[in-house]
Structures are given as C-alpha cells and as structure tokens.
Amino acid sequence: FFFRFQVWWSSSVEFEKSFTTMGIDLKAGGRRTGHKSSMKVIKTANPYNRLLIKLYKFLARRTDSKFCETVAKRLHMSRINAPPMGLNRLAKYMSKKENQTAVIVGKVTDDVRMLECPKLSVCALAFTENARKRIVAAGGECITFDQLALRSPTGANTVLLRGPQSRAALAHFGKRTSVNNPHAYDGVKPYVRSKGRKFEKARGRRKSRGFKV
C-alpha cells in the first residue's frame, strides 16, 4: 500500500509540475519580442539628446525632482509626442510669470500673427531662426537644457510647458471604456464611409438600439 501511495504521490507532483512550467505556444501567439519600453532603450540617434537623457536621468535619481523625472520622460518621447510651440501661445502662458523660465521639451517656432514679442526666458530643444531672433531682440534669452541643469538642477523657477497635439487622427480618439459620462464621446469622430441615414446608425448610435455615444 505504501509503495502504491508513493507512486501516486510522485505522479501527481509531476503532473502539477508539468502545468506550472507550461511552455509558450509559438504558433498561437509566440514570444513577445521587440516590446521594450523606450524608457529602457534610448532610441534616438541624436548624440546631444542621448547625453541630455543621461543627464536628466542622473538628476532625477540624485535630486528626487519630479521636474527632472518628467523632462527625462519627455526626452524619450517620439517627435509626434513632442509637438512644437508657437511664440504667441508661449507668451500667453508666460504672461504673469516674470523671472521664470519656460521649459519646452520640443521646438519653439515663430508666430507672424504676434506683432510684439514680450521679454521671455525660454529653454527648449530647438528654436527656429526667426523665433530666436525675436526673443533675443525683446531682451529675452534662449537657453539649452544643459545650461538649465547648471542654473536650476531641480527645476526651481521654471514653467514646464507642452505644445498642442493637433493631428487629424486625434479627432477619432475616444475615452477609455470605463468612462460613464454620457457626453464623453460627443467630440469623437467615428470612422465611417459617409454621414447619413444608412451609415452606422444602429447599436451604439441610437438610444433605442442599446446605447448611444
């Protein structure tokens, strides 16, 4: 009896092990490869940006500054997620913030609609030629991120700004499915062939057919 129990016990343990160390079904889905976060791997080939990422990761680690952490994260972003900012918008955001430096992890561009440029202190990755000329002519300054790191390692007296994302695809982006606000999807543009009686007017587009968004 003891021998039979031992055999049964060992076989059940082996059976459990076979389930706990299950293999990967390569045909069905395969291994997830090539999905490393861009925060772990620096993807840009620009040597200046690569050094800036190293610098701000170091500052974020050694100073516990949320500013440095955010700048490091934004330096990793793709160009489409780091849109440029025009001078007019920049001046509007900095209207009542004297003695503070505007920080944009992106490019600053000129805006011909703005007739007079106020005095601004701006730190950005790049400036267009006309934007730089106008800022300097108004008595302001254009500084780089390494200069900012020496002047304000923790981001004191700075205003961190972002340019507007205005891609055509953004008109089609909705909210997450857990949002229960009935007007959450009002501004979301559906991908439909045409707008009319015959096109996608059933479930999800009429209250009488389940729900309406």
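In this predicted model, R134 forms a salt bridge with D110, with the closest N and O atoms 3.0 Å apart. R134 belongs to helix 5 (residues 129–137) and D110 to the loop between strand 2 (101–109) and strand 3 (121–127), so the pair ties together parts that are 24 residues apart in sequence. R134 is buried, its relative accessible area being 19%, whereas D110 is partly exposed at 25%.

A search of the whole structure finds 4 salt bridges, among them the following.

| Pair | N to O separation |
|---|---|
| R134 and D110 | 3.0 Å |
| R113 and D111 | 3.0 Å |
| R151 and E141 | 2.8 Å |

In the pair formed by R113 and D111, R113 counts as exposed at 69% relative accessibility, while D111 is buried, with a relative accessible area of 9%. The bridge between R151 and E141 ties together parts that are 10 residues apart in sequence, because R151 lies in helix 6 (residues 145–151) and E141 in strand 4 (residues 141–143). R151 is partly exposed at 46% relative accessibility, and E141 is likewise partly exposed, at 29%.

On the surface, K195, K201, R205, R206, K207, R209 and K212 gather in a patch of positive charge. R206, one of these residues, is found in the segment after strand 5 (158–161) and is partly exposed, with a relative accessible area of 36%.

The search of the whole structure finds 0 disulfides. For C117, the nearest cysteine sulfur is that of C142, 8.8 Å away, and this separation excludes a disulfide because the two sulfur atoms would have to lie within 2.5 Å. C117 counts as buried at 16% relative accessibility, and C142 counts as buried at 16%.

Technical notes:
Residues numbered from 1 in each chain as written. Predicted model: local features only at pLDDT ≥ 70, side-chain atom pairs only at ≥ 80, totals over all residues. Heavy atoms only, no water. Patch = residues over 30% accessible without salt bridge, like charges linked within 9 Å, V, L, I, M, F, W, Y side chains within 5 Å. Areas by Shrake-Rupley, 256 points an atom, 1.4 Å probe, with all protein chains shown as cover. Salt bridge = Lys/Arg side-chain N within 4 Å of Asp/Glu carboxyl O. Lys, Arg positive; Asp, Glu negative; His and termini not counted. Charge placed at Lys NZ, Arg CZ, Asp CG, Glu CD. Helix = DSSP H or I, 4+ residues; strand = E, 2+ residues; numbered from the N terminus. Buried < 20%, exposed > 50% of the residue type's maximum accessible area, 1.4 Å probe, protein only.
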